[in-house]
Amino acid sequence: MKKLVLGTLGAAVLLTSCVSQKKYAELEARHKEAQDLLNSATVKLNDCLEEKASATSKMNALEDQNAFLRANNQELINNMGDLTTLTAKGAENLEKSLESLQEKDLTIRRLQDAVTRRDSVNLSLVQSLKGVLGNLDDEDIEVSVEKGVVFVSISDKLLFSSGSYNISSAAKNVLSKVAKVVNNKPDFEFMVEGHTDDVPYRSGVLLDNWDLSAKRATAIVRVLQNDYGVDPKRMTAAGRAEFVPVSTTDKSKNRRTRIVVLPKIDQFYSMIEEGMKDPAINE
């Protein structure tokens, strides 16, 4: 009986031992399989984490680029607005500049027209003077135009005795012809200038060449007024003494009387105003 029990126990132990080893092997196999799956999952997880990190980095880069592009786009929009404003101002300034140039060009054309008219009047005056005085020696009387002004220069030997301010009888012949021209040109004023040489002068109440040149000028305007009816409002008498010489070698050329014919200032302005009304200019 005892042997039977022992045998039964031994068989049971042996059977139990065999079952445990089999389960262990199965568990071992399952563990290995699970470990393999875990390792594979870990590898895939690591790959996913790397892909996520790469994607996150790319996304951050794209976000930065997007922010940069947005900023640039806004700056371009602002610049376009500024450029539009500048372009509008530039166009406005250009338009104003063109208008200013047109006004200046118009003014220049008007002035040129007035100067042309003045020159035409002066030419007519010179021709008239030379016509009445043409039979005189050119060395004793000269008609010229300088800077738009007509000058009649008469040598003192045709007008005065040496050192005197009394007009000679021969002088009246010259002055009558000058008076005829200026009386026909009522729109002109003129100045009679007395000039001397640089030889010091003193005689009676006259102190110097200033006095002599002024007395000669006033003597001429009196004759033009009293003998030939020239309007005294149109005349000015001036003494220049020896201080405006025309020659440094021939003093006789400096002893002269010069009649400066001047257009009235208001007449010159009238020429400009007339030019401004000219249709050819205002086109």
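Student: How do you know that the span of helix H3 agrees with its number of residues?
Tutor: This is a predicted model, and the check is simple. H3 covers residues 209–226, which is 18 residues. At 1.5 Å a residue, they should span 26 Å. The end C-alpha atoms are 26 Å apart, so the two values agree.

Student: What is found at the start of H3?
Tutor: A side-chain oxygen of Asp208 comes to within 3.1 Å of the backbone nitrogen of Trp210. A polar contact needs N or O atoms within 3.5 Å.

Student: Which residues of H3 are buried?
Tutor: Among them are Asn209, Leu212, Arg216, Ile220, Val223 and Leu224. Residues three or four places apart in an α-helix point the same way, because a turn takes 3.6 residues.

Student: How do you know that H2 has the span expected of a helix?
Tutor: H2 has 15 residues, 169–183. From its first C-alpha to its last it reaches 21 Å, close to the 21 Å expected. Its buried residues include Ala171, Val174, Lys177 and Val181.

Student: Why is Asp156 called buried?
Tutor: Buried means under 20% relative accessible area. Asp156 has 6%, so it counts as buried. Asp156 sits in the loop between S2 and H2.

Student: What makes the pair Asp156 and Arg216 a polar contact?
Tutor: The cut-off is 3.5 Å between N or O atoms. The side chains of Asp156 and Arg216 are joined at 2.4 Å. Arg216 is one of the buried residues of H3. Beyond its neighbours within four places in sequence, Asp156 is also in contact with His195, Arg255, Arg256 and Thr257.

Student: What makes S1 and S2 a pair of strands?
Tutor: Pairing takes at least two bridges. Six bridges join S1, residues 141–146, to S2, residues 149–155. The strands run antiparallel. One of the bridge partners is Ile154 in S2, which goes with Ile141. S1 and S2 form a hairpin with two residues between them. In the turn, Lys147 has a positive phi of about 55 degrees.

Student: Why is the pair Asp140 and Lys157 called a salt bridge?
Tutor: The cut-off is 4 Å from a side-chain nitrogen of Lys or Arg to a carboxyl oxygen of Asp or Glu. Here the N to O distance is 3.2 Å, between the side chains of Asp140 and Lys157. The pair links distant parts of the chain, 17 residues apart. Asp140 is in the loop between H1 and S1, and Lys157 in the loop between S2 and H2.

Student: Are these two partners buried or exposed?
Tutor: Asp140 has 12% relative accessibility, so it counts as buried. Lys157 has 61%, so it counts as exposed, the cut-off for exposed being over 50%.

Student: Why is Arg240 called partly exposed?
Tutor: Its relative accessibility is 29%, which lies between the cut-offs of 20% and 50%. Glu193 has 2%, so it is buried. Arg258 has 18%, so it also counts as buried.

Student: How many salt bridges does the structure hold?
Tutor: Seven.

Conventions. Residues numbered from 1 in each chain as written. Predicted model: local features only at pLDDT ≥ 70, side-chain atom pairs only at ≥ 80, totals over all residues. Heavy atoms only, no water. Helix = DSSP H or I, 4+ residues; strand = E, 2+ residues; numbered from the N terminus. Expected span 1.5 Å × (residues − 1). Buried < 20%, exposed > 50% of the residue type's maximum accessible area, 1.4 Å probe, protein only. Polar contact = N/O pair within 3.5 Å; in protein donor to acceptor, adjacent residues only side chain to side chain. Contact = heavy atoms within 4.5 Å.
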